[in-house]
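Dear colleague,

I am passing on the structure we spoke about, and I would be grateful if you would read the notes below alongside it.

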Amino acid sequence: MERQRHDGVEVIHLEGDVDLQVSSQLRRVLLDSLRQGLDLLVDMHTVTYIDSSAIASLIEAFQRARKDGRRFALARVPEPAMRVMRIAQLDRVFPIMDRVDPAFGQT
Amino acid sequence: MTATPAGNVPPPTGELVFELRVPARAGLLKLIRGAVGEAAREAGCASASADELVMAVDEACQNVIRYGYGDGALGDLIVQCSRDDEAMTVRLIDFAPPVDPSTVRPRPLHELRPGGLGTHLIRESVDEVAFEPPHGRAGNVLRLVKRIE
């Protein structure tokens with residue numbers, strides 16, 4: 001997974017199948033960014049599959065970000081992944097953007 | 001992948017499409033997803049329906065990998081995919097300690113926490129999910145059924 005930093009925001013570009021094989025790495029990357037005091041934007045544009053272990057990592061990071069007062073959002077979630085989010089009722093929980101904008105959530 | 005020893009696998013429901021025996025490892029989930037997805041589409045499942053079956057199978061396989069053998073122990077997983085005119089049936093057979101089905105429960109979705117989502121995804125994705133009595137040396141047999149539509 002590729003990471004880019006813009007003005008205190010870590011943009012993490014996920015790609016391909018994000019499943020049990022990579023979810024612990026995803027978790028480490030997300031939590032590491034938060035520990036560094038960064039906001040998180042997870043770009044899912046080229047994700048072809050996502051499973052519950054990866055979603056668990058996103059949930060944990062989202063909760064940690066909220067606790068730390070950091071911003072967290074998903075961006076460009078493809079429809080197959082959105083279907084999974086809807087089944088899990090997470091489409092109402094995660095902030096979801098339709099583009100990658102490091103200024104997200106700022107007023 | 002190896003040929004399946006006779007006696008550990010129940011007979012398929014309808015026509016056998018494929019049977020895979022693989023080590024229960026996360027790195028092989030993509031292969032399993034590909035095989036199940038292809039089999040479902042070939043049988044006439046619509047794309048979304050095939051994706052749902054794939055998701056259920058993947059989540060169930062994850063449970064075997066993470067909780068079935070446990071503590072890094074190695075073990076095999078058999079994925080049996082069969083079909084008849086109405087439905088795809090996927091059986092997952094492992095050789096781990098037997099699961100108590102009463103302990104397998106989805107978490108309430110309003111409780112936002114990282115774990116417990118897999119069981120919910122399985123139940124929402126297939127028409128039927130049930131443990132069957134194991135054959136031979138098998139520990140657990142989980143049957144997932146998805147109507148072909």
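Two strands are taken to pair if DSSP finds at least two bridges between them, and strands (E, at least two residues) and helices (H or I, at least four residues) are DSSP runs, numbered from the N terminus. This is a predicted model, in which local features need pLDDT of at least 70 and side-chain atom pairs count only at pLDDT 80 or more, while totals for chains, interfaces and linings use all residues. Residues are numbered from 1 along each chain as its sequence is written, chains are lettered from A in the order in which they are written, and side-chain values use heavy atoms, with hydrogens and water left out.

In chain A, five strands form an open sheet of mixed pairing, in the order β1-β2-β3-β4-β5, and its edge strands, each pairing on one side only, are β1 (2-6) and β5 (96-97). Within that sheet, β3 (residues 39-50) of chain A runs parallel to β4 (residues 72-75) of chain A and is joined to it by four bridges, with Val42(A) standing opposite Leu74(A) in β4(A).

Turning to the two chains together, their contact (heavy atoms within 4.5 Å) takes 22 residues from chain A and 24 residues from chain B. Chain A and chain B bury about 1900 Å² between them, 64% of it on carbon and sulfur atoms, where buried area is the accessible area (1.4 Å probe) lost on putting the two parts together, summed over both. On the chain A side, Leu20(A), Tyr49(A) and Ile87(A) lose the most area to chain B, together 30% of what that side buries.

With best wishes
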